[in-house]
Amino acid sequence: MVAGADEEDGTFDPRNPRSNYSLYPIEHLLYCEDCLQIRCPRCVIEETLNWYCPSCLFEVPSSVVKSDGNRCTRNCFNCPVCISPLTVNSIEKPDAPSATGGPYILACPYCHWSTVETGIEFEKHTGVYGQLARVGNGGRAMPTAKERDKDREQRKDLEARQRDSRHLLSPSDDSPTADRESDKSTASRDHVFSNLGAFYKGQIEAQTPVNPFSAHDLNFSSPSAYSRIMNLYSSTGAKKQKRGKPTPMREAASELEGLVVHDMASDNAAIERIKRDGWNNTLSRTQKLAQPDPHVRFDNELRPIATLLCTKRSKRCRSCRHILSKPESKITSTRYKIKVLALTHIPRLSLRALPSAMTPSVPPTLGATAAAPFSYHNLRSGIPTHFLLQLSNPLFDTIRVTLATPSTVPGKVQTRVTILCPQFEVGANTDVWDDALSSSVPSGTRGSAADGQIEAGKVWDRGRNWTSVVIEVIPGFLRPITGFGQADHADELGEDDDLLEIPIFVRLEFETEANPEDRGLDDSRGSKGEKEKREEAFWTVVGAGCIAAM
């Protein structure tokens, strides 16, 4: 989990900033049965199974996702103000009824925002995504991609005829060019991008040589460009041919080629509006990033946000590509076909205060006062405190556990930790009735603490598949003891330095039935009840509480 041989051999430091990328709850960890290793989210490879809309639960093919993007192309939209799902409502006028029941709008039932504020209405209640793509703010029509390409070709032909006739039209003439110049401020960014894309596509085609399969010509659009580039730097005995330097591509120089001149009048108008209406009418950073056009500034320019698609993904081991998790392909199903959790392969560790320290051994009488509950947020510095570390075994085999922890917890606060019984056994996770009918020690039998005395080298309590041992913790001082010639370094402590986190190295040894496939033997040749020894080791961190300030 931690890169570097020196760091892997050393003590795990939960205070290290890199530890935030190595520590995960046990519920989030998977297990590879081929590698016999724990796999965290950094150790797996995700593969997308399918795409679907979380609002309408409609599965979207991957080809549609590549062409139309990762947004729902049906009637699913979110509010641009509060991101709640929008509903399609009818605003049919009584004096002018429509055959389709329209017009329709998108309205938010939570914050009551609607497309009426931006002047957008729809003729039908279905196919809202396609209708919204053809309508701009204020109800103006927006051309499609085919219409933009057709218009661009017509304007190119018109300019070519004007150059041939050497006749320039004046701005006051009633011509298509004059109309386009007057509507230049309302040109959409999609229109500009299509013009720029068509310009560079023409430049690339102009650079294509006559012989596209020549090894000494550079062709941008040929699929064999990689092989030709490799031939340029090959050191074979072929005679090098002199080749000319390719002509550099020029930049866009007109509106038809995608050139846009910055208009200072729009900036001045925006500044004056902010002075008049204030910052309340402007958009936040989150709202601007969620909009299809991130250059919008005011709330009357907001447009509905198409619902973002979700995916179902399977997870594979990064080392052996073994499938660790695979959900069912059905959209409405939340089940998994395969999911190998680490919970079923490694023990769970839990830490709690010693019961004898929390409650008295004798029940209190009516006149006596009950003992105060143990406060995990008020650990006293320098006072020994005993905790119980319990390990639960999920395996069907008895495991031998070896625990190790540094004598002093890493960090600025010097806290001493001692595990009184570092080596012990935990019973197998057998059936409860088998354990009750057996003649072994009954579940919940205390080992050396029957009289309430703590003894080193012996477990505190043990059950069917769990064992608890005592850990002695002496919390350190948040404020160092100052004396003559010593400075007070209390201000150097961070905001989380008072948290007591104990790193523990866990090593497991157990014997389990060997798999014939792992040994390379046939089922008929291998012995059925043969056992093999396995070992596993990992670092874990348990929280004990918070050290109280003096």
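In helix H6, the residues His191, Ser194, Asn195, Phe199 and Gln203 are buried, where buried means under 20% relative accessible area, exposed over 50% and partly exposed in between, with a 1.4 Å probe and protein chains only. Helices (H or I, at least four residues) and strands (E, at least two) are DSSP runs numbered from the N terminus. The cover over the buried residues of H6 includes helix H4 (145-165). H6 covers residues 189-206, and its 18 residues should span 26 Å at 1.5 Å a residue, which agrees with the 26 Å between its end C-alpha atoms; the expected span is 1.5 Å times one less than the number of residues.

All of this comes from a predicted model, in which local features need pLDDT of at least 70, side-chain atom pairs count only at pLDDT 80 or more, and totals for chains, interfaces and linings use all residues. Residues are numbered from 1 along each chain as its sequence is written, and side-chain values use heavy atoms, with hydrogens and water left out. The predictor's confidence in each residue, pLDDT, runs from 0 to 100; the protein chain averages 79, and 74% of the residues score at least 70. Two stretches call for some care. Over residues 1-6 pLDDT stays under 50, and the model has 10 contacts beyond four places in sequence for them, a contact being heavy atoms within 4.5 Å. Over residues 168-187 pLDDT also stays under 50, with 13 such contacts. Where pLDDT is low, the predicted coordinates should not be read in detail.

The protein chain holds 12 helices and 21 strands, and buried residues make up 30% of its 550 residues. Of the contacts between residues at least 6 apart in sequence, 63% join residues at least 24 apart.

An open sheet is formed by 5 strands in the order S4-S3-S9-S10-S11, with antiparallel pairing; two strands pair if DSSP finds at least two bridges between them. Strand S4 (59-60) and strand S11 (336-339) stand at the edges with a single partner strand each, so one side of each has no neighbour in the sheet. Within the sheet, strand S9 (residues 310-317) and strand S10 (residues 323-327) pair in the antiparallel sense over 2 bridges. Lysine 315 has serine 325 of S10 as its bridge partner. Serine 314 has its place in S9 and counts as buried, at 5% relative accessibility. Beyond four places in sequence, serine 314 touches Ile45, Glu46, Glu47, Leu49, Ser325, Lys326 and Pro327.

A nonpolar core is a set of buried Ala, Val, Leu, Ile, Met, Phe, Trp, Tyr and Cys residues joined through side-chain atoms within 4.5 Å. The largest one has 36 residues, of which Leu389, Val401, Leu403 and Phe424 touch the most other members. Elements giving two or more residues to this core include strand S13 (385-392), strand S14 (399-404), strand S19 (466-474) and strand S21 (531-546), while S20 gives the most, with 6 residues. Phenylalanine 424 is in contact with Leu391, Ile399, Arg400, Val401, Leu403, Val459, Thr467 and Val469, leaving aside neighbours within four places in sequence. Another core, of 16 residues, lies apart from the largest one and has Cys79, Tyr104, Leu132 and Ala306 among its members.

Serine 468 lies in strand S19 and, at 2% relative accessibility, counts as buried. Its contacts, apart from neighbours within four places in sequence, are with Leu389, Gln390, Val459, Trp460 and Asp461. Serine 468 and leucine 349 are 119 residues apart in sequence, and their C-alpha atoms are 9.5 Å apart in space.
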